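Please review the structure below with this briefing beside it.

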Amino acid sequence: MEFANYRKQPLFWNGIAMAALTVAILPFLILDTRTLLGVNVWIKPLKFSLSLGLYSFTTIWVMVRFLKDWKYQHKIQMVLTITSLIEIILITLQAARGEASHFNISTTWNQIVFSVMGTSISVFWIFHLWMSYQIFQKNSISRSVKESLVWGLTIAGFGMIIGFFMTSPRPEQLEVMKQGILETSGSHQFGSGDPGQGLLFFGWSTKLGDMRVPHFFGMHVMQFFVFLGAYLLGKEDLHPKQILVRFTGILFLLMNIVMVIQTLNGESVFNLNPFYTSFYGISLFLISFSFFKLVSKPKIFSTQATT
């Protein structure tokens, strides 16, 4: 697509803003040695700027390429842009203050921040699903490409909604709140005990359940499917391709669901549990096999899709 098609789009400039913020944050990782829960205060806004930037650039391609004639597409972009900006501004502001942005209800201001962030991401999720449904209804998209886009956007929506598991206050937090002490409400962590040293940069626990793992996995599987859809553009739209994409989507969604179950059981996804590890291994093998079939020469497909 021509650059002129993108420079008019709010989500494109949202992605540029996230990229600029990412670059701006990097020096603070060295210059500011403050930590929060053992992690540099600037790591969190850096992770969110990267994630939101990747989402923005991926989504704008989908909207410009496939929804250009949809009368609501610009409004959808504006809502996604505004809500993501609210999120990143508050996260960055809290980092600058040396305060946690999520689960922090220790002061009135922190409660407002946490509440506004929860509201903005809920609106973001609703409009993401609206866009996804529009792609699902679009009959002009070839079936294998549409299958890929719908699976990517749907699993991303599932990944987003996983975040709400983390915002529910834990029983011990509720007991503390009954005593009039307001500190935290919700947590990334599920299970009790020592979470161990977090995974490099991401901070994910390798011992206890950490809902950030399935949350991240679900949201960014979207990029895999969008890139796959881009690859399938212009290729012969054969029925076996559509089946392989669907099979891949089902496997990725099942992996995401199983990750949530494992996390809710208080166990890290990185723990070598025979059942869960085997399931992930077999799923990734089958996904790799399907992907190989999809990118192989068309001669492996012999049946033309019917109309």
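The notes that follow are grouped by topic. The model is predicted. Helix H6 packs with helix H8 in a roughly antiparallel arrangement, and with helix H9 in a roughly parallel one. The largest nonpolar core holds 48 residues.

**Helix packing: H6 with H8**

- Two packed helices are described by the angle between their axes and the distance between the axes.
- H6 spans residues 143-167 and H8 spans residues 212-232.
- Their axes come within 7 Å and cross at roughly 170 degrees.
- Angles over 145 degrees count as roughly antiparallel, so H6 and H8 are roughly antiparallel to each other.
- The crossing of H6 and H8 is left-handed.
- In the contact of H6 with H8, 17 residues are nonpolar, eight are polar and one is charged.

**Helix packing: H6 with H9**

- H9 covers residues 239-264.
- The axes of H6 and H9 come within 8 Å, crossing at roughly 10 degrees.
- Angles under 35 degrees count as roughly parallel, and H6 and H9 are therefore roughly parallel to each other.
- On the H6 side, the contact includes Arg 143, Glu 147, Trp 151, Ile 155, Phe 158 and Ile 162.
- On the H9 side, the contact includes Lys 241, Arg 246, Ile 250, Leu 253, Ile 257 and Val 260.
- The residues of the contact of H6 with H9 divide into 12 nonpolar, six polar and four charged.

**Nonpolar cores**

- Among the 48 residues of the largest nonpolar core, Phe 66 and Ile 135 touch the most other members.
- The elements giving two or more residues to this core are H2 (10-31), H3 (43-66), H4 (73-97), H5, H6, H8, H9 and H10 (274-295).
- H8 gives the most to this core, with nine residues.
- Not counting residues up to four places away in sequence, Phe 66 touches Trp 61, Ile 135, Lys 138, Ile 141, Val 145, Leu 149 and Leu 233.

- Thr 119 is found in helix H5, residues 108-137.
- At 48% relative accessibility, Thr 119 counts as partly exposed.
- Thr 119 and Glu 87 are 32 residues apart along the chain, and their C-alpha atoms are separated by 9.7 Å.
- Thr 263 is found in H9.
- Thr 263 has a relative accessible area of 0%, so Thr 263 is buried.
- Leaving aside its neighbours within four places in sequence, Thr 263 is in contact with Phe 190, Gly 209, Asp 210, Met 211, Pro 214 and Val 269.

**Positive phi in loops**

- Most residues other than glycine have a negative phi.
- Leu 37 has a positive phi, near 55 degrees.
- Leu 37 is found in the loop between strand S1 (35-36) and strand S2 (39-40).
- With a relative accessible area of 85%, Leu 37 is exposed.
- Phe 103 also has a positive phi, near 70 degrees.
- The loop between H4 and H5 holds Phe 103.
- Phe 103 counts as buried, at 8% relative accessibility.

Notes
Residues numbered from 1 in each chain as written. Predicted model: local features only at pLDDT ≥ 70, side-chain atom pairs only at ≥ 80, totals over all residues. Heavy atoms only, no water. Axes fitted to C-alpha atoms, helices over the stretch in contact; angles between N-to-C directions. Helix = DSSP H or I, 4+ residues; strand = E, 2+ residues; numbered from the N terminus. Parallel < 35°, antiparallel > 145°, perpendicular 65-115°, else oblique. Left-handed = near helix turned anticlockwise from the far one by under 90°. Nonpolar A, V, L, I, M, F, W, Y, C, P; charged D, E, K, R; others polar. Contact = heavy atoms within 4.5 Å. Buried < 20%, exposed > 50% of the residue type's maximum accessible area, 1.4 Å probe, protein only. Core = buried A, V, L, I, M, F, W, Y, C linked by side-chain atoms within 4.5 Å.
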